[in-house]
Amino acid sequence: MSTVNLSVYDPESVPDASEMRFGIVVSDWNREVTWSLLEGAVNTLEKHGATDDNIIVKHVPGSFELTLGAQFLAEYDDLDAVICLGCVIQGETPHFTYICQGVTQGITQLNMEYNIPFVFGVLTTNTHQQAIDRAGGIHGNKGDEAAVTAIKMAALQRETEK
Ligand code: DLZ
């Protein structure tokens, strides 16, 4: 793949987030990657007006736990969106597939059950280098993308609320 930054976006297209409240649940498995995703997500939320007080961060052991961590956050506080950050790297066994299926289905289900967005900010890569490249490396930072999605979806939820 050529050196494309996948996280480039038009800042003008992002609504003001100063009145929004966000939860972030981050997996500590592959933390050298996921903590960079976290940094990107927080910086991007703040760039668009979110305040430190309105960004609640919680850690879980691995990506499989993101679903339940996100549900705890949604129950715990009045949030406009929850961002789920993780990194699953292909190993020698089918474990990768099961974790990816579990977290994908889990987050999808949360989106259906709650009236707020749960954003899928999970890297699923074949190699460690591919993950590094997408966590503040040559292909951008998936944490930034997740934050932009959270703001846009929270704004859409407010717009369409009766
Ligand atoms: C067990 C495991 C493995 C092998 N690989 C990863 C990974 O690449 N990324 C990740 O986020 N978590 C991994 N885990 C941990 C699982 O997500 C989970 O924490 C454990 O299976 C306990 O439920």
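**Around the ligand**

Modeller: A nitrogen atom of the ligand lies 2.8 Å from a backbone N or O atom of cysteine 87. The protein covers 71% of the 490 Å² of accessible area that the ligand has on its own, with areas taken from the Shrake-Rupley method with a 1.4 Å probe. Please keep in mind that this is a predicted model, where local features need pLDDT of at least 70, side-chain atom pairs count only at pLDDT 80 or more, and totals for chains, interfaces and linings use all residues. Residues are numbered from 1 along each chain as its sequence is written, and side-chain values use heavy atoms, leaving out hydrogens and water.

Colleague: Why is serine 63 called buried?

Modeller: Buried means under 20% relative accessible area (exposed is over 50%, partly exposed in between, with a 1.4 Å probe and protein chains only). Serine 63 has 5% relative accessibility, so it counts as buried. Serine 63 is found in the loop between strand 2 (55–60) and helix 2 (66–76); helices (H or I, at least four residues) and strands (E, at least two) are DSSP runs, numbered from the N terminus.

Colleague: How do you know that the span of helix 1 is close to the expected one?

Modeller: The expected span is 1.5 Å times one less than the number of residues. Helix 1 (residues 31–47) has 17 residues, and it reaches 23 Å from its first C-alpha to its last, close to the expected 24 Å. Its buried residues include Val33, Leu37 and Leu45. Just after helix 1, glycine 49 takes a positive phi of about 105°.

Colleague: And why is asparagine 141 called buried?

Modeller: Asparagine 141 has a relative accessible area of 8%, so it is buried by that same cut-off. Its place is in strand 6 (residues 140–141). A polar atom of the side chain of asparagine 141 lies 3.0 Å from the backbone oxygen of serine 36.

Methods
Polar contact = N/O pair within 3.5 Å; in protein donor to acceptor, adjacent residues only side chain to side chain.
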